[in-house]
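Please look over the sequence and the model before reading on.

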Amino acid sequence: MAVKKIRMSAEGLKDLEKHLEYLKNVRRAEVAQKLKEARSFGDLSENAEYDEAKNEQAILEAEIVDIEMKISNAEVVNDEDLSTDEIDIGSFVKLKDLEFDEILEIQIVGSTEADPENNKISDDAPIGIAALKKKVGDIIEVEAPMGIIKMEVLEISK
């Protein structure tokens, strides 16, 4: 089975690597300290603090493995390689909602970088999927709970 590459920006990869380092060097030490303290409470068979710390450790280790997999399967999309002719990961896009005559400015990013509150939309999200490979002047249609939203691509930039 081929491993699927995860497309992301260089900034997104750097952020993942920073987060991984934090988890390994800071969070692991914090969880280890919690385990040490919980062990000192005595009988481990009836020690809720110990069970909680072990669960926290398992969740942390799973997150570390997940991030390591994402990093090892990362395909970095460099800004220099980005075209302003069509939308790709890393593109900044200005869209016009044709029904409400509103302008929406977003950046299409890899799924690991998505942050809708800061207008960073995943290439796996409905709007990201609909926008990829579109050009200025194209109309994109996004299926939403309230129906189909039609938007015109006004601008693509790096």
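Is R27 buried or exposed? R27 is buried, because its relative accessible area is 18% and the cut-off for buried is under 20%.

## Model and confidence

This is a predicted model. The mean pLDDT of the protein is 90, and 96% of its residues reach 70 or more. Among the elements, the lowest mean pLDDT, 84, belongs to strand β1 (residues 6–9), and the highest, 96, to strand β3 (residues 92–97).

## Overall form

Three helices and seven strands make up the elements of the protein. Read from the N terminus, their order is β-α-α-β-β-β-β-α-β-β. The radius of gyration is 21 Å, whereas the globule rule gives 15 Å for 158 residues, so the protein is more spread out than a compact globule. The C-alpha trace spans about 70 × 35 × 30 Å along its principal axes.

Of the 158 residues, 31% are buried. The accessible surface is about 10,100 Å², and carbon and sulfur atoms account for 50% of that surface. Among contacts with a separation of 6 or more, 51% join residues 24 or more positions apart.

## Nonpolar cores

The largest nonpolar core has 15 residues. Within this core, L95, I127 and I140 touch the most other members. Two or more residues each come from β3, β4 (102–109), α3 (126–131), β6 (139–144) and β7 (147–157). Strand β7 gives the largest share, four residues.

Leaving aside neighbours within four places in sequence, I127 is in contact with L95, L104, I106, I121, I140, V142 and M151.

The protein has 15 salt bridges. One of them joins K24 and E68, whose closest N and O atoms are 2.8 Å apart. K24 belongs to helix α1 (residues 10–39) and E68 to helix α2 (residues 48–72), so this pair ties together parts that are 44 residues apart in sequence. Both side chains belong to partly exposed residues: the relative accessible area is 31% for K24 and 30% for E68.

R27 and E56 also meet through their side chains in a salt bridge, at 2.5 Å from N to O. This pair links distant parts of the chain, with R27 in helix α1 and E56 in helix α2, 29 residues apart.

## Other salt bridges

D101 forms a salt bridge with K96, and the closest N and O atoms are 3.2 Å apart. What is the relative accessibility of D101? D101 is at 54% and counts as exposed, because the cut-off for exposed is over 50%. K96, at 27%, counts as partly exposed.

Salt bridges also link R7, E75, E86, D88, K133 and K135 in a network.

Methods:
Residues are numbered from 1 along each chain as its sequence is written. This is a predicted model: local features need pLDDT of at least 70, side-chain atom pairs count only at pLDDT 80 or more; totals for chains, interfaces and linings use all residues. Side-chain values use heavy atoms; hydrogens and water are left out. pLDDT is the predictor's confidence in each residue, from 0 to 100. A salt bridge is a side-chain nitrogen of Lys or Arg within 4 Å of a carboxyl oxygen of Asp or Glu. Buried means under 20% relative accessible area, exposed over 50%, partly exposed in between (1.4 Å probe, protein chains only). The radius of gyration is taken over C-alpha atoms; the globule rule is 2.2 Å times the number of residues to the power 0.38. Contact means heavy atoms within 4.5 Å. Accessible areas come from the Shrake-Rupley method with a 1.4 Å probe; for residues, only the protein chains shown count as cover. A nonpolar core is a set of buried Ala, Val, Leu, Ile, Met, Phe, Trp, Tyr and Cys residues joined through side-chain atoms within 4.5 Å.
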